[in-house]
Amino acid sequence: MNDSPLPFWKRKTLRQMSPAEWESLCDGCAKCCLHKLEDEDTGEVHHTNVACRLLDLSTGRCANYRQRKLLVPDCLKLTVDRIRRSDWLPATCAYRLVAEGKDLPDWHPLITGDTESTRRRGHSVVGWAVSERDAGPLEQHVVDETP
Ligand code: SF4
């Protein structure tokens with residue numbers, strides 16, 4: 001019989017997690033750092049491969065995570081309520097999966113123990129996204145799916 005305790009993301013709700021557990025849940029895919037376009041008439045959300053100017057395209061990490069709200073005022077801080085209402089977080093987002101009562105994918109760093117496993121397994125925007133500094137009109141960067 002396996003007596004090992006369940007990992008925290010299976011034992012706790014998002015609201016019950018400590019700040020460190022909450023932060024570790026992020027797989028670092030950076031898909032939430034890509035711009036979206038919303039159709040004014042239908043409300044439909046279109047994804048693009050254009051990243052926030054603060055995203056480091058070589059690592060997929062925010063270049064100034066602590067001050068991101070100051071530097072990019074429309075950067076959305078993830079909250080439990082926002083995650084539940086979200087129609088723009090990717091289906092693979094760990095916060096969304098836990099909120100939906102699902103398990104993490106086998107490539108998630110909390111499963112693999114490798115902080116680079118999201119990128120290594122092709123689930124990061126690294127190598128695929130372009131910076132808003134260079135992209136030009138967002139309409140030219142609409143994509144069907146994120147990686
Ligand atoms: S989409 Fe979710 S898992 Fe991916 S970087 Fe954003 S918050 Fe983290």
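Start at the ligand: the shell around it divides into 10 nonpolar residues, one polar and two charged. Here Ala, Val, Leu, Ile, Met, Phe, Trp, Tyr, Cys and Pro count as nonpolar, Asp, Glu, Lys and Arg as charged, and the others, Gly among them, as polar. Select Cys26, Asp27, Cys29, Cys32 and Cys93, which come nearest of the 13 residues around the ligand. A residue counts as near a molecule if its C-beta atom, placed from the backbone, lies within 6 Å of it.

The model is predicted: local features need pLDDT of at least 70 and side-chain atom pairs count only at pLDDT 80 or more, while totals for chains, interfaces and linings use all residues. Residues are numbered from 1 along each chain as its sequence is written.

**Colour by confidence**

Colour the protein by pLDDT, the predictor's confidence in each residue, from 0 to 100. The mean pLDDT of the protein is 93, and 97% of its residues reach 70 or more. Among the elements, helix 6 (residues 109–112) has the highest mean pLDDT (98) and strand 1 the lowest (92). Helices (H or I, at least four residues) and strands (E, at least two) are DSSP runs, numbered from the N terminus.

**Loop residue Ala30**

Next select Ala30, in the loop between helix 2 (19–25) and strand 1. The phi of Ala30 is near 70°, a positive value in a residue other than glycine. Is Ala30 buried or exposed? Ala30 counts as buried because 26 C-beta neighbours lie inside 10 Å. The cut-offs are 20 or more other C-beta atoms within 10 Å for buried, 12 or fewer for exposed, and anything in between for partly exposed, with C-beta atoms placed from the backbone.

**Strand 2 and its partners**

Move to strand 1 (residues 34–38), which pairs with strand 2 in the antiparallel sense over four bridges. Two strands pair if DSSP finds at least two bridges between them. Leu34 has Ala51 of strand 2 as its bridge partner, and Glu38 stands opposite Val45. Six residues lie between the two strands of this hairpin, where Gly43 takes a positive phi near 80°.

The bridge partner of His47 in strand 6 is Val143. Ala51 stands opposite Ser131 in strand 5.

**The nonpolar core**

Which residues have the most contacts inside the largest nonpolar core? They are Cys33, Leu34, Ala51, Ala94, Val98 and Val125, in a core of 19 residues. Strand 2 (45–51) and helix 5 (94–99) each supply at least two residues of this core. Its largest share, four residues, comes from helix 5. A nonpolar core is a set of buried Ala, Val, Leu, Ile, Met, Phe, Trp, Tyr and Cys residues joined through C-beta atoms within 7 Å. In soluble globular proteins, nonpolar side chains tend to be buried together.

Centre the view on Ala51. Beyond four places in sequence, Ala51 touches Cys33, Leu34, Leu57, Val125, Ala129, Val130, Ser131 and Glu132. Contact requires C-beta atoms, placed from the backbone, within 7 Å.

Select His141, in the loop between helix 8 (132–135) and strand 6. His141 counts as partly exposed because it has 19 C-beta neighbours inside 10 Å. Leaving aside neighbours within four places in sequence, His141 is in contact with Thr48, Asn49, Val50 and Ala135. His141 and Ile111 are 30 residues apart in sequence and 33 Å apart in space, C-alpha to C-alpha.

Go to Leu110 in helix 6. Leu110 is partly exposed, with 17 other C-beta atoms within 10 Å. Its C-alpha atom is separated by 7.5 Å from that of Ser24, 86 residues apart along the chain. Aside from neighbours within four places in sequence, the contacts of Leu110 are with Ser24 and Leu104.

Select Met17, found in the loop between helix 1 (8–11) and helix 2. Met17 is partly exposed, with 19 other C-beta atoms within 10 Å. Not counting residues up to four places away in sequence, Met17 touches Phe8, Lys12 and Trp22.

End at Arg82 in helix 4 (residues 80–85). Arg82 is exposed, because 12 other C-beta atoms lie within 10 Å. Arg82 and Glu116 are 34 residues apart in sequence and 27 Å apart in space, C-alpha to C-alpha.

Methods. Contact = placed C-beta atoms within 7 Å.
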